[in-house]
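Please look through the sequence and the model below before reading on. The paragraphs that follow take up a sheet and then a loop.

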Amino acid sequence: MAIMQTVASWFGYAPRDPVSGNQNATHTVTKTAKPVTFDSAMTVTAVFASIRLLAETIASMPIEMYVKDKNGLLDSKANHDIIKLLRYKPNKRQNRIEFMEQLMLNLVSDGNAYTRITRVGDKNSRIISLDIINSSNMTVILKDDVLTYRHQVTSAFSRDFKESDIWHVKLFGNGIKGLSPLQHTAKAVAVADASDDKVTSLMRNGAKPTGAIMTKGNPNEEQRNTLRKELGGLVSGDETFMPVLPLDMKFEAISLTPSDIELLATRRFSLEEIARMFGVPSILINDSTQSTNWGSGIASIIEAFHKFNLRPYLERLELSMLTSLVPRKDWDKYQFEIDADAILRSSRKERVEMYNTEISTGQRTPNEIRRAEGWKEKEGGDELYMQLGFAPMKAIAKQQPNQQKDTSNE
């Protein structure tokens, strides 16, 4: 079995175990419509919109840290230094939303997000700052089973960090580094970028095709150059240009038209391909071709988006915060929660019906409902209530003789 796995890895049919040395990718996709970099990819509107949707959505969710009781259940909100940083201002330059947006930008595009942890105090036990290092400036090195993070500050200067000094969030990969979505889907992004370039070129040129002047004679070089100069407006220049061809000459277009190369279909497919790459429903990045899904269907789309795309990110971030920012001895004591209820929040009518059911069945108190809605608590609202008309059949049977006796006396 081991031999088969080794052979498979030679031909690229299976991931390989990390070995000592630089863990950054050494192989890139070369057969693309055009070179793809982070900056060029972000000029493609579908890429920008998908990354922004994920980054802004998760950054807008509140972060809380809870203390767990002896049974592992959430007891109360923790009064911990690290949650104060994450909740308000992780570093001197960024608030929580700006910090999480940059972290998600790196994570979604590169598959890795690196944050430098600054500690002070006795045994460096207190974290005072969290500063993100952009993924393109970070190199991960594995040597003798020890990880080193190398930050390339300038072209001539780099700085090494220990594993304990870096909060590393990664997507699925080889266990040391996450796979880069942009790098591994460079072909799709390149096609979309090339299509945009083609549209730009067509529009800038007045959508004029390239072609050739057909003539029966055999003009010399000077005459050909004169014709090219005078009739160049046929393929470029002002749209109001009115060419007049000499006798026995005609213009023959020889380039493919947008319909010939199915440019619109290519751009449409690229949008779906990029949305698929990031796990984003295309309708959420303003794909109007699926406008019939709006209305009742959008709730199901958002719920699926939360379950199958946002939730893995949230779980990954919550666990990574705990294991990277909290001492190992306290892992069983605390739990981080990123509140995603806001994006799943139902309509006012549905919430009232749900709250009414929860109160009448003794699941939640009125004050718990008020806190969920952001309202001030009321006196006496911490009691659980139950409908008195709902009881087991045996209890009703025991009451039946007494009810008959009372009726006969009357």
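Which residue in S3 is the bridge partner of Tyr66? The partner of Tyr66 in that strand is Lys77, and, since the model is a predicted one, this pairing should be read as a feature of the prediction. Strand S2, which covers residues 63-68, is joined to S3 by three bridges, and the two strands run antiparallel.

These two strands belong to an open sheet of three, arranged in the order S3-S2-S12 with antiparallel pairing. Strand S3 (74-77) and strand S12 (334-338) stand at the edges and have a single partner strand each, so one side of each of them is left without a neighbour in the sheet. Between neighbouring strands of this sheet the turn is 40° on average, when direction is ignored. Strands of a sheet pair, in general, through backbone hydrogen bonds, and they may do so in a parallel or an antiparallel way.

The phi angle of Asp144 is positive, near 55°, in a residue other than glycine, and Asp144 counts as exposed because its relative accessibility of 64% is over the 50% cut-off. Asp145 has its place in the loop between S6 and S7 as well, and it too has a positive phi, of about 65°, although it is not a glycine. With a relative accessibility of 72%, Asp145 likewise counts as exposed.

Conventions. Residues numbered from 1 in each chain as written. Predicted model: local features only at pLDDT ≥ 70, side-chain atom pairs only at ≥ 80, totals over all residues. Heavy atoms only, no water. Pairing = 2+ DSSP bridges. Helix = DSSP H or I, 4+ residues; strand = E, 2+ residues; numbered from the N terminus. Axes fitted to C-alpha atoms, helices over the stretch in contact; angles between N-to-C directions. Buried < 20%, exposed > 50% of the residue type's maximum accessible area, 1.4 Å probe, protein only.
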